Amino acid sequence: MTRASRRSKKRTQILKRKLKIRAKRRSTNESQATISPKLKKYWLQRYSLFSRYDEGIKMDDEGWFSVTPEEIAVHHAQRSVAGGVVVDCFAGMGGNSIQFAALGYHVVAIDIDPKKVEMALNNTKIYGVDNYIDFIVGDFLQLAPCLKGNVAFLSPPWGGPSYKKTENFTLDLLKPVDGHTLFQVAQTITPNIIMFLPRNVDVCQVEELSWLSSPPLNVEIEENYVRGFLKGITAYFGKTAYWGVAQETSSAHICEF
Ligand code: MGP
Ligand code: SAH
C-alpha cells in the first residue's frame, strides 16, 4: 500500500467516526425534543434508569417518572432469594422484570396498559431476556387470585411525581387501591412480597402490613439510594426479609442500600 493510499484510508476512517458521532448526537437531540420539560430531569438520568438506553429503549411519560433505577432493580433481583417464579405485578417499562430475568428467574409481568407492555417487551429484547418473561395485559387485582409464584414484586403507581408534596405518604394514597388491599391481594400469590414505595412513606404503616397475615410475616425495610440520593424505600416480607429464613417471629429491620 502506498503512502498516499494509507493516508486516504485513514481519512475515510476518521470521517466515518465523525459521521457516527454526529448521528448519535442527532438521535439524542431528537429523543430529547419529544420529551416534555417536566420530564427532562428524568431524561438526564436516563443511563441510571437503563444503562443500555441508547440501544433503543422505549419509554412513555409515566414510564419516565416511574421506572425503577437499574442499580436498585438489580438489587431487588439479588434480594429475591425465594425466587423461581417472580410475579412483577406492575411491570411498567420492564425495569424490574429485566433484572429478575437476568438473574435467571422466570417472570410473569403484568401491566394494565397494552402500550406499556409493548414497550416493556421491546426493552426486554434489548437486554436479551425476553425468553424468560411472560407478559400479561390485565388488572393485577383481577389476575392475582389465579396466579401462583415464589415472589410477588409490587411497584404500584404512587400518584405521579407530586407524591413528595405530602410529608407523610400514607398507604391509602397508593394506586389503583390502597396499600392494605394491594398487600392482601398479593398474598393470594405468595407471602414472599417485595414492595417498592415512596421515600416519604409512613414506615410504621408498612411494618403493620405484616400483621395482616397470621402468624405475622417477617418484615424488613430498606432505603434505596442512587449516587447518594434517596430514591425510594423497599419493604421485604416473608422469606424475602433479611430475617426470613433464620427467624420465625415477626421482626423489622431498617438498613440502607
Ligand atoms: P422522583 O422523586 O420523582 O425523582 O422519583 P427524583 O429524581 O428522585 O427527583 P427529586 O427532584 O425529587 O430528587 C424517584 C424514583 O421513584 C423514580 O426514579 C422511580 O423509580 C420512583 N417512582 C416515582 N414515582 C412517581 C413512581 C410511581 O408512581 N410508581 C413507582 N413504582 N415508582 C415511582
Ligand atoms: N417497576 C416498573 C414501574 C411501574 S409503574 C418499571 O421499573 O418499569 C406502575 C405501573 O402500574 C404503570 O405502568 C401502570 O400502567 C401499571 N398499573 C396501574 N394500575 C394497574 C393495575 N390495576 N394492574 C396492573 N398494572 C397497573
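**Close-up views of a predicted model**

**View 1. The loop around P176.** P176 sits in the loop that runs between β4 (151-154) and α9 (179-186); helices here are DSSP runs of H or I with at least four residues, strands are runs of E with at least two, and both are numbered from the N terminus. The peptide bond joining K175 and P176 is cis, with omega at about -5 degrees. Most peptide bonds are trans, and most residues other than glycine have a negative phi.

This is a predicted model, in which local features need pLDDT of at least 70 and side-chain atom pairs count only at pLDDT 80 or more, while totals for chains, interfaces and linings use all residues. Residues are numbered from 1 along each chain as its sequence is written, chains are lettered from A and ligands numbered from 1 in the order in which they are written, and side-chain values use heavy atoms, with hydrogens and water left out.

**View 2. The loop around P215.** Here is another cis bond to look at: the one from S214 to P215, with omega near -5 degrees. P215 belongs to the loop between α10 (203-208) and β6 (219-226).

**View 3. R227 and its positive phi.** R227 is found in the loop between β6 and β7 (229-237). Its phi is near 45 degrees, a positive value in a residue other than glycine. R227 counts as exposed because its relative accessibility is 68%, where buried means under 20% relative accessible area, exposed over 50%, and partly exposed in between (1.4 Å probe, protein chains only).

**View 4. Polar contacts of ligand 2.** A polar side-chain atom of N96 is 3.1 Å from a nitrogen atom of the ligand, and a backbone N or O atom of I112 is 3.2 Å from a nitrogen atom of ligand 2. A polar backbone atom of G94 lies 3.4 Å from a ligand oxygen atom. A polar contact is a pair of N or O atoms within 3.5 Å; within protein, one must be able to donate a hydrogen and the other to accept it, and residues adjacent in sequence count only if both atoms are side-chain atoms.

**View 5. Helix α8 and L143.** L143 lies in helix α8 (residues 140-143) and is partly exposed, at a relative accessible area of 22%. From C-alpha to C-alpha, L143 and I110 are 8.7 Å apart in space, though 33 residues apart in sequence.
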